[in-house]
Amino acid sequence: MTTIPHWIDGARTTGVSTRTSPVFNPATGEAAKEVVLAEQSDVDLAVASSLKAAVSWSESSLSTRTRILFAYRQLLHSHRDELAAIITSEHGKVLSDAAGEVQRGLEVVEFACGIPQLLKGEHSEQVSRGVDAYSIRQPLGVVAGITPFNFPVMVPMWMFPIAIASGNTFVLKPSERDPSASVRLAELFSEAGLPDGVLNVLHGDAFAVNALLDHRDISAVSFVGSTPIAKHVYSRGTANGKRVQALGGAKNHMVVLPDADLDGAADAAVSAGYGSAGERCMAISVVVAVGDTGDELVEKIASRTRELTTLPGTDPDAQMGPLVTGVHRDKVKSYVDAGEQEGASLVVDGRGYAPEGHENGFWLAPTLFDHVTPEMSVYTDEIFGPVLSVVRVPTFEDAVELVNANQYGNGTAVYTGDGLAAREYQRRVHVGMVGINVPIPVPMAYYSFGGWKDSLFGDTHVHGAEGVKFYTRAKAITARWPRQHGVDLGFPTHG
Ligand code: NAD
């Protein structure tokens, strides 16, 4: 049994707690590893290390930070395959998908390499006679990141490269389901020259999360995970006076208009619905077939779905891997059972599948429902698995109404050849990220990522300019270098 340790103060450590949690290989179902789960003294140790490191790190020059970030970027690039293999061994996604995840995380480091440009303030000369005004942005101190299982490399990297580049120190609490990658990310950052304590990795469960939310030395918390936990993190963190951004769950609709290229739309629905076994917050889980597109579109999606190969993520022929744990697989399967009972048409049934020789893995093959209605649990709930639902609506207006009535507002896509319809959809939809003939519109690192409604609590999205804003606070300065003095009790005005 391998024990996955914390990374505190530049070293691997198993800490004080004796509590652990099993870490599975989803393709085999084996739990050959366990991860330590922090108790209070482990949390205190990690935060104290980050607090101490913050004193000198916040004083480090922008050139020093940039040099370390460039070195880190290079190391991530050369360890891309190793990181992808770690992801696949604990998450289950196929290797090429895992490598793509590393790439998207790396792009945030590339963005953070531009921190000298990003931290430039404003300056107004002569706002009054002999008076200048300017603004600067300063780091917050120690910030924490709490991340989900589905992107064990990319989501932590949405956060810590920008927080650290901005002069903060960071305590990362990764998902306990696939925790190894985060330790390797921290180790590589250390190899790139990052001082000890600037990035600590603290493993744990709800206990560690709550201890971080209550810790007086943590200034801000970035969270990504499910909506109920995001709500909890937002309310507890803000009640404790912290700055919080908490990204939650999703139910992403892909609206297919009658004039769309239906082959292209079917390719996109299958790719975005079943990629990473549907365990992506930007996965398409609902296809909205508008007008008379339904029969043809469902047939095209079904034929593609039946051809997908579901195999261990390390198999070069795999297009989809297993689900992350047996518990999660069983939950997803229970939604398929419910959808059938509630009267949706089960077009492709992925239940009961297991590849030969891997019968104990956490398998569920791609599953497709047609004639789903908004009251069914397959529609209302985030399933987070390889289950795609088709809802049929008569008109564009009905499609917009359906999407806007949904609790979530993370991502959405519209498939059409009509630019005006696409523009109308983009303007009216209550969703944070919109794709036009693009099924998974994840913004580039230099834009900001975030949803609306129950997909995000707080007012700042992650990475891009909003990321820099979240991890810094503004100071406005008014300066005068007078040659003459005199008392003046009037209210200061310009002139
Ligand atoms: P999760 O909410 O179960 O866990 C997220 C984090 O919260 C983990 O670090 C976990 O240890 C911690 N946590 C779990 N239960 C807790 C509790 N009761 N109290 C305090 N902390 C707790 O999410 P998950 O299953 O790991 O990830 C999948 C979810 O994340 C999906 O809902 C998905 O949509 C969402 N997600 C959202 C985005 C986004 O950008 N909006 C991105 C990725 C994933």
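Residues are numbered from 1 along each chain as its sequence is written. In this predicted model, local features need pLDDT of at least 70 and side-chain atom pairs count only at pLDDT 80 or more, whereas totals for chains, interfaces and linings use all residues.

The chain is divided into domain 1 (2-248 + 455-477) and domain 2 (252-436). These bounds come from an automatic or database domain assignment. The C-alpha centres of the domains lie 31 Å apart. Across the boundary, 17 residues of domain 1 are in contact with 26 residues of domain 2. Two residues count as in contact if their C-beta atoms, placed from the backbone, lie within 7 Å. On the side of domain 1 that touches domain 2, α3 and α4 each supply at least two residues. That side has seven nonpolar, seven polar and three charged residues. Here Ala, Val, Leu, Ile, Met, Phe, Trp, Tyr, Cys and Pro count as nonpolar, Asp, Glu, Lys and Arg as charged, and the others, Gly among them, as polar.

Helices (H or I, at least four residues) are DSSP runs, numbered from the N terminus.

The axes of α8 and α9 come within 8 Å and cross at roughly 30 degrees. Helix α8 is therefore roughly parallel to α9. Angles under 35 degrees count as roughly parallel, over 145 as roughly antiparallel, 65 to 115 as roughly perpendicular and the rest as oblique. Axes are lines fitted to C-alpha atoms, for helices over the stretch in contact, and angles run from 0 to 180 degrees between N-to-C directions. In α8, Val209, Asn210 and Leu213 meet Val233, Arg236 and Gly237 of α9. This contact divides into three nonpolar, two polar and one charged residues.

Helices α3 (residues 80-91) and α4 (residues 95-112) pack at an angle of about 120 degrees, with their axes 8 Å apart. Helix α3 is therefore oblique to α4. The crossing of α3 past α4 is right-handed. A crossing is right-handed if the near helix is turned clockwise from the far one by less than a right angle, and left-handed if anticlockwise. From α3, the contact draws on Arg80, Asp81, Leu83, Ala84, Ala85, Ile87 and Thr88, and from α4 on Leu95, Ala98, Ala99, Glu101 and Val102. Eight of these residues are nonpolar, one is polar and three are charged.

Helices α2 (residues 62-78) and α7 (residues 180-191) pack at about 130 degrees, with their axes 8 Å apart. The pair is therefore oblique. Helix α2 passes α7 in a right-handed crossing. Tyr72, Leu75 and Leu76 of α2 make the contact with Leu188, Phe189 and Glu191 of α7. By class, the contact has five nonpolar residues, no polar and one charged.
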